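Hi everyone, thanks for making time this morning.

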Amino acid sequence: MDALIGQIEKAKPLFEKVSRNKYLKAIRDGFMSAMPVVLFSSIFMLIAYVPNIFGFYWSEDIETMILKPYNYSMGLLAVLVAGATAKNLCDSLNRDMPVNRQINNISTFMAAIVGFMVVAVDSIEDGFASGYMGSKGLLTAFLVAFIVCNVYKFCVKRNITIRMPEEVPPNISQTFADVIPFAISIIILALFDIVFRHFAGMCFAAAVIEFFKPIFTAADGYLGLAIIYGAMSLFWFVGIQGPSIVEPAVSAIYYVNIAANLELYQTGAHAYNILTPGVQQFVATLGGTGATLVVTLMFAFMAKSKELKAVGRASSIPVLFGVNEPILFGAPLILNPIFFIPFVFAPILNVWLFKIFVDFLGMNSFMYILPWTTPGPLGIILGCGISILSIIFAVFILAVDFVVYYPFFKVYDKQKCEEEALKGGYKQEEDEHIEVSNDVVNEKRVLVLCAGGGTSGLLANALSKGAAEKGISIITAAGSYGAHYDLLKDYDLVVLAPQVANYYEDLKKDTDRLGIKCASCDGKKYIELTRNPQKALEFVFSILEGE
């Protein structure tokens with residue numbers, strides 16, 4: 001087992017390089033930017049159709065009224081993601097561009113939206129044929145964003161622009177500077193659209209869906225599901241945020257499938273597509289990557305080791321809401337050979353069991369999108385339409401995960417008990433106390449970033465509490481990496497949580513330009529800081545004092 005983990009660790013630099021790829025990051029961050037729209041729109045879908053489960057149906061006029069916000073939000077998802085992806089890719093490209101020759105991210109945002117409309121939307125007499133403006137157009141949205149940003153980069157790098165006299169104000173000059181790359185982007189896409197429609201007889205977005213259908217089908221099979229969710233867990237086990245590598249490849253399938261499931265359900269058919277956001281958030285990662293909800297509760301209520309009991313009880317609430325870094329780094333589970341097998345294979349088994357319930361027992365797959373922080377069992381029941389089968393399944397996989405993790409938990413618990421006996425009992429390690437100077441940290445602004453905004457909130461809250469105890473005024477905020485670019489200028493220090501620590505070099509380029517500090521820390525240290533407000537304050541002080 002140690003040899004296997006050693007081989008995986010050797011490939012870690014390659015995996016980290018993949019996770020930092022500009023295009024993969026742009027896809028992930030583009031989706032992250034659109035998540036408020038997705039969650040908002042889903043509320044109206046729940047209002048419109050959940051009552052059907054209980055035999056209540058809205059009138060046609062009221063249903064139309066309820067669905068209008070959904071149609072003009074989720075129904076435009078691909079349009080919005082095209083712009084958001086272009087904006088985020090542009091921000092990444094600008095890191096390597098001269099400071100005095102930056103690409104205008106607002107212009108690329110607008111060009112990507114226009115370009116997407118050109119290649120993905122058919123015009124009709126009174127408006128647009130909107131079939132590919134929603135989730136079906138996501139793959140096209142990514143491609144258009146990539147093309148637009150590279151056209152802009154080509155033009156800006158070579159100073160292909162309309163030059164204005166020095167007397168013209170900079171904001172007006174920028175407007176003219178963006179005309180040529182905007183025009184080239186749209187003309188290229190428009191000419192491509194004409195040629196493609198002539199030979200293919202359909203718009204590019206429709207052809208993309210047809211081309212990828214076999215891949216969608218394969219990904220929904222047992223092998224495809226095992227590869228996708230096994231890879232997520234495997235990457236996390238060696239300390240790399242797995243979803244940052246895997247999600248960009250499957251995110252479009254997620255939203256195509258969940259929209260298809262809802263359409264099937266509305267027509268009275270069986271919603272059978274497996275690969276959806278809910279399967280990742282509430283089935284494969286029940287309690288976080290590795291399906292760690294059950295093992296966390298084992299630590300909290302069944303462990304004989306005082307250390308594991310303390311870790312489990314401190315981690316239980318965050319893990320219930322899908323934030324499992326406290327148990328991953330606190331136990332630890334990652335890079336712990338004892339937990340390699342259940343950590344990688346419990347998610348695969350969960351998804352396979354879900355597919356069996358859908359394929360053979362007739363349970364509907366996920367039809368609704370819920371916040372990822374919804375407790376896992378509740379997310380399964382609500383996302384699949386509140387059926388008896390979904391309730392049975394939610395209870396069943398908790399039992400299965402218990403059986404999978406239990407033997408490994410017992411081995412680790414015994415090992416920790418023996419260690420504590422040799423040491424004369426479990427004792428919390430005491431670090432050297434640092435005297436915090438109010439002059440250094442008072443009135444400072446600290447931003448903590450993680451993958452989804454959950455883990456970062458733990459440290460931001462601890463820091464805020466530690467400052468309050470000392471009578472120090474500190475403004476703290478938590479956010480997700482990728483949605484932070486426009487926030488940086490408002491902060492004095494940015495701290496990266498462990499799962500996004502591999503982006504440190506990219507972040508440092510951004511913070512150095514703004515003249516602010518940035519830092520990251522390893523998993524065990526980070527979890528300690530989240531539990532100890534005083535240590536969190538001392539950590540921030542030690543960084544800011546270096547000014």
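Let me start with a definition: buried means under 20% relative accessible area, exposed means over 50%, and partly exposed is in between, with a 1.4 Å probe and protein chains only. By that scale Cys417 is partly exposed, because its relative accessibility is 25%.

Now the ground rules. This is a predicted model, where local features need pLDDT of at least 70 and side-chain atom pairs count only at pLDDT 80 or more, while totals for chains, interfaces and linings use all residues. Residues are numbered from 1 along each chain as its sequence is written, and side-chain values use heavy atoms, with hydrogens and water left out.

Staying with cysteines, how many disulfides does the structure hold? The count is 0, where a disulfide is a pair of cysteine sulfur atoms within 2.5 Å. Take Cys155: its closest cysteine sulfur is in Cys149, 12 Å away, so the two are too far apart for a bond. Cys155 counts as buried because its relative accessible area is 2%.

On to the helices. Helices here are DSSP runs of H or I with at least four residues, strands are runs of E with at least two, and both are numbered from the N terminus. Let's look at helix 5, residues 77-94, which packs with helix 6, residues 105-120, at an angle of about 145 degrees, their axes 8 Å apart. Those axes are lines fitted to C-alpha atoms, for helices over the stretch in contact, and the angles run from 0 to 180 degrees between N-to-C directions. On the helix 5 side, the contact includes Ala78, Val79, Ala82 and Gly83, and on the helix 6 side it includes Phe109, Ala112, Ile113 and Phe116. Contact here means heavy atoms within 4.5 Å. By class, this contact has 11 nonpolar, 3 polar and 2 charged residues. For that tally, Ala, Val, Leu, Ile, Met, Phe, Trp, Tyr, Cys and Pro are nonpolar, Asp, Glu, Lys and Arg are charged, and the others, Gly among them, are polar.

Side chains of opposite charge can pair when their charged atoms come close. One joins Lys509 to Asp96, at 3.3 Å from N to O. That pair links distant parts of the chain, with Lys509 in helix 22 (residues 504-514) and Asp96 in the loop between helix 5 and helix 6, 413 residues apart. Both partners are partly exposed, Lys509 at 37% relative accessibility and Asp96 at 48%. Which residues make up the network of salt bridges around Asp96? Lys22, Asp96 and Lys509 are linked in it.

An α-helix has 3.6 residues a turn, so residues three or four places apart point the same way. In helix 24, residues 533-544, Glu538 and Lys535 are 3 residues apart, so they are separated by about one helical turn. Their salt bridge has its closest N and O atoms at 3.6 Å. Are these two buried or exposed? Both Glu538 and Lys535 are buried.

Helix 18, residues 376-383, is largely enclosed by the rest of the structure, because 6 of its 8 residues are buried. Among the buried ones are Pro377, Ile380 and Ile381. The cover over these buried residues includes helix 13, helix 14, helix 15 and helix 19. Just after helix 18, Gly385 takes a positive phi of about 95 degrees.

Last stop, some backbone geometry. Ala331 and Pro332 are joined by a cis peptide bond, with omega about -10 degrees, and Pro332 is in the loop between helix 16 and helix 17. That loop also holds Leu335, whose phi is positive, about 60 degrees, although Leu335 is not a glycine. Asn159, in the loop between helix 7 and helix 8, likewise has a positive phi, near 55 degrees.

That's my tour, and I'm happy to take questions.

Conventions
Salt bridge = Lys/Arg side-chain N within 4 Å of Asp/Glu carboxyl O.
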